[in-house]
Structures are given as C-alpha cells and as structure tokens.
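Hello,

Here is the structure I said I would pass on. My notes on it are under the model.

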Amino acid sequence: LWIFKNANRVICLTKSDAQEIVRFGCPSDKVRLIPNAIDANRYRPGKDCQENLVVWVGRFVPEKGLDYLIEAAKIVVKKFENAQFMLVGYGPLKANIVKTAYDSSLLNSAIRFAGPFNRDQIAKILGNASVFVLPSLKEGMPLSLLEAMACGKSVIGSDTSGINDVISDGENGLLIPPRNPEALADAVLKLLNDANLRRRLGRNARQLVMEKYNWNIVINKMEKIYHEVIKDA
C-alpha cells in the first residue's frame with residue numbers, strides 16, 4: 001500500500017492484473033496497461049512449414065499444464081497418425097514429462113523434446129511449425145504465445161487471464177477450457193485438418209502483434225508514461 005500511495009504510475013501487463021491491484025488498494029487513476037512485446041523482425045513467418053507439427057515452448061513447470069498436453073497428444077495421434085508434437089524448453093518437471101510421454105509409447109514417435117535453445121533457434125522452430133499450443137493453467141502475458149503469433153502461426157491457448165487478453169477465439173486463435181485434454185485435442189485436430197483456417201488465424205495473429213505487441217509500439221507507450229510523470233512532477 002505504501003508503494004501504491006507513493007508511486008506516480010503503476011504499470012500492469014493485463015486488465016486482470018490491473019483489477020487485482022486496484023482491489024489491493026492501488027488508486028485506479030495511477031494504473032496504466034503496457035503489454036509484453038517481442039521483436040517482430042526476428043519472429044516472422046518461415047519459408048518452410050511442416051504441416052503436421054504442433055509446438056509448445058516454455059518452462060517445464062506445473063502451471064504450464066503439460067500433463068494435459070500429453071493426454072491430448074494421445075487422442076490426436078489416434079485420429080491423425082502423422083501428427084508430431086515438439087516440446088521445447090527446460091525446467092524441473094522435464095524428466096517427469098518425458099517419462100509420461102515414454103509411458104504413453106509416444107516418445108520419439110509422436111512426441112519429441114528439444115532445447116533449451118537461443119531465441120534465434122526458437123524463432124526458426126516456430127516459423128516451421130503448423131500449430132502452437134499453450135495449455136497453461138496460469139499465465140502473466142506469455143512471450144512464447146506472442147512469438148508464435150508473430151511467426152504467423154495458428155495458436156491454441158487456455159481460456160485464462162494473460163492468454164485470453166491476447167487471443168480472440170476464432171479470430172486470431174482458439175481458446176479452450178484449461179485442464180481439458182479432450183478440448184485441446186479437438187482444437188489441434190480442427191487446425192491440422194483445415195489449412196485455410198490455419199492460414200486465416202495465423203495471418204490475423206501476425207497482424208495483431210504488429211499493431212499491439214511489437215517493440216516499437218510498446219516502447220512508444222512506455223515513453224508516454226514517463227513523459228506523463230515528468231510533466232506532473
């Protein structure tokens with residue numbers, strides 16, 4: 001409360017973050033929304049796209065919902081035999097998730113693990129993907145989602161704060177209920193079986209990033225806030 005009282009401005013990533021700190025006592029007139037941003041020149045559509053490749057990028061931690069992703073993959077490969085899932089990243093749960101994939105008889109056949117990689121390598125993987133998935137249970141504003149959208153990918157995300165601030169269902173991606181592998185599998189199959197839908201969602205996703213989450217746009221918003229504070233001082 002002391003910080004909220006003495007701060008000139010309080011910057012939040014999402015509307016839900018802003019609502020939460022206002023409930024904690026932050027004056028609403030001090031709150032400004034500035035989203036995360038990415039380099040849309042680095043993350044851009046690739047020349048070669050693997051039509052059946054579904055990619056996840058992030059940290060192997062409980063809130064990422066990876067157990068549900070493995071369950072969804074089991075459903076998908078029964079109906080779309082050529083589907084390939086690539087999970088890219090690191091984290092304390094990676095060994096457990098690898099074992100889950102192994103126990104499901106999908107390791108190295110339908111599910112591969114890679115990374116950690118640098119940003120250029122991740123940009124290349126996303127550029128080659130067909131679908132990006134993010135079945136998280138909780139998020140702030142995930143950079144991996146913005147990066148995939150900047151690459152013009154059709155994206156699937158949980159209908160949770162931070163993700164639904166970015167994805168408009170059916171317009172620039174698909175939203176699914178969290179903790180629901182069946183819904184996730186249905187969304188993946190829908191995109192794998194509909195190239196036109198993938199292209200439309202991916203095109204709209206890239207456009208959104210260029211208009212709202214590109215570094216040039218976000219830096220300008222940040223500068224305006226600093227100028228506000230200077231003017232009021």
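Predicted model: local features only at pLDDT ≥ 70, side-chain atom pairs only at ≥ 80, totals over all residues.

The chain is built from nine helices and eight strands. Its radius of gyration is 19 Å, close to the 17 Å given by the globule rule for 233 residues, so the chain is as compact as a globular protein of that length. Along the principal axes, the C-alpha atoms fill a box of roughly 60 × 35 × 30 Å. Of the 233 residues, 47% count as buried.

There are nine salt bridges. One of them pairs Arg 32 with Glu 228, with the closest N and O atoms 3.0 Å apart. This pair links distant parts of the chain, since Arg 32 sits in strand S2 and Glu 228 in helix H9, 196 residues apart. Arg 32 is partly exposed at 23% relative accessible area, and Glu 228 is partly exposed at 28%. Arg 32 and Glu 228 also belong to a network with Arg 9 and Asp 232, joined by salt bridges that share partners.

Lys 64 and Glu 139 form another salt bridge, at 2.7 Å between the closest N and O atoms. Lys 64 is in the loop between strand S3 and helix H3, and Glu 139 is in the loop between strand S6 and helix H6, so the pair ties together parts 75 residues apart in sequence. Both residues are buried.

On the surface, Lys 15, Lys 212, Lys 221 and Lys 224 gather in a patch of positive charge. Lys 15 lies in helix H2 and counts as exposed, at 55% relative accessibility.

Regards

How values were computed:
Residues numbered from 1 in each chain as written. Heavy atoms only, no water. Patch = residues over 30% accessible without salt bridge, like charges linked within 9 Å, V, L, I, M, F, W, Y side chains within 5 Å. Areas by Shrake-Rupley, 256 points an atom, 1.4 Å probe, with all protein chains shown as cover. Salt bridge = Lys/Arg side-chain N within 4 Å of Asp/Glu carboxyl O. Lys, Arg positive; Asp, Glu negative; His and termini not counted. Charge placed at Lys NZ, Arg CZ, Asp CG, Glu CD. Helix = DSSP H or I, 4+ residues; strand = E, 2+ residues; numbered from the N terminus. Buried < 20%, exposed > 50% of the residue type's maximum accessible area, 1.4 Å probe, protein only. Rg over C-alpha atoms; globule rule 2.2 N^0.38 Å.
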